[in-house]
Amino acid sequence: MKNFALIGVAGYVAPKHLKAIYETKNNLLCALDPKDSVGILDSYFPQTHFFTEFERFDRHISKLQNKGIELDYITICSPNYLHDSHIRFALKNNANAICEKPLVLNPWNIDTLIDLEKKTGKKVYNILQLRLHPSIIALKEKIQNTIKKNPQKRFQVKLTYITSRGNWYFASWKGDLAKSGGIATNIGVHFFDMLQNIFGEARGLKVHINTKDTASGILDLPFADVTWFLSIDAKNLPSNAQRTYRSIELEGEEIEFSNGFENLHTKSYEEILKNQGFGLLDAYPCISLVHKIRNLEITPLIGEYHPLCKNI
């Protein structure tokens, strides 16, 4: 049984991590969040010490260490812009870090963490659960087999992800570019990781739209041309969709992966506990790509672009 702490336990994604820690039969010693809506703890770890102030959380960890109780992992579910700081806090407290996506906002943050890993001997793991999805694993194997037979093959891919959000989104940290990294980072980073994991790291990029609620562009990958469209604006949803529309088309055919998400965080933890989780270098390509998207000059709608761009 490993000892865990969790930062950001009142957040949206925290229940998946609580479930994963519980299902892998480990122990959550303490948790932190400035918000106190954390009744979810009763479902998994009612004995967990909970803090709303970082200083008291820090002091509690020091007290545990003085008693000879070490933390093995600190899970980080805090807002994106705090990930870097909280990862460093974990490593400096002799614990491995497990961090939600995006790992950090800028690629140079990873360079610093690589150095800190070497100094502390501890590891940083990123939750890249799409890589563990059975349909995505099967797709990657299929693509690799095709490329072996035809190394010049280029696939045509269209990614569309629309997940509607209300006005609250823009009043929260998620609506602040400096804190969330924008749409491509906040809701697109795991798709960009998945695409580069299958088709290779991006060689070229065009961005056609980059607003507070929508981003779209083209990716040039070694084995694929990708048109992508990400939005939280419900106006962009197809007429038959509810609140979320997720689609990946490969050569004009839909890839079905709407199911199978239920236990991916638990699978991620199982791999991490075997020292086989995804680390800093695994996360580097997608962090580098979303940073470029965030800062790239907009290209006019000339030539190839995602068809939904016409709606904007």
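This is a predicted model: local features need pLDDT of at least 70, side-chain atom pairs count only at pLDDT 80 or more; totals for chains, interfaces and linings use all residues.
User: Why is H10 called largely enclosed by the rest of the structure?

Analyst: Buried means under 20% relative accessible area, exposed over 50%, and partly exposed in between, with a 1.4 Å probe and protein chains only. By that rule 10 of the 11 residues of H10 (residues 189-199) are buried, so the helix is largely enclosed. Among them are His190, Asp193, Gln196 and Phe199.

User: How do you know which residues have the most contacts inside the largest nonpolar core?

Analyst: A nonpolar core is a set of buried Ala, Val, Leu, Ile, Met, Phe, Trp, Tyr and Cys residues joined through side-chain atoms within 4.5 Å. The largest one has 65 residues, and Ile74, Leu103 and Phe199 have the most contacts inside it. Apart from it lies another core of 20 residues, including Leu18, Tyr73, Ile127 and Tyr269.

User: What does Phe199 touch, not counting residues up to four places away in sequence?

Analyst: Contact means heavy atoms within 4.5 Å. With that sequence limit, Phe199 touches Ile143, Phe155, Val157, Leu221, Pro222, Phe223, Ala224 and Leu250.

User: Is Pro222 buried, partly exposed or exposed?

Analyst: Pro222 has a relative accessible area of 26%, and therefore counts as partly exposed. The residue sits in the loop between strand E9 (214-221) and strand E10 (224-231). Beyond four places in sequence, Pro222 touches Arg154, Phe199, Gly200, Glu201 and Arg203. Arg203 is 19 residues from Pro222 in sequence, with 6.9 Å between their C-alpha atoms.

User: How do you know whether the radius of gyration of the protein chain agrees with a compact globule?

Analyst: The radius is taken over C-alpha atoms, and the globule rule is 2.2 Å times the number of residues to the power 0.38. For 312 residues the rule gives near 20 Å; the protein chain has 20 Å, so the two agree. Buried residues make up 51% of the protein chain.

Notes
Residues are numbered from 1 along each chain as its sequence is written. Side-chain values use heavy atoms; hydrogens and water are left out. Helices (H or I, at least four residues) and strands (E, at least two) are DSSP runs, numbered from the N terminus.
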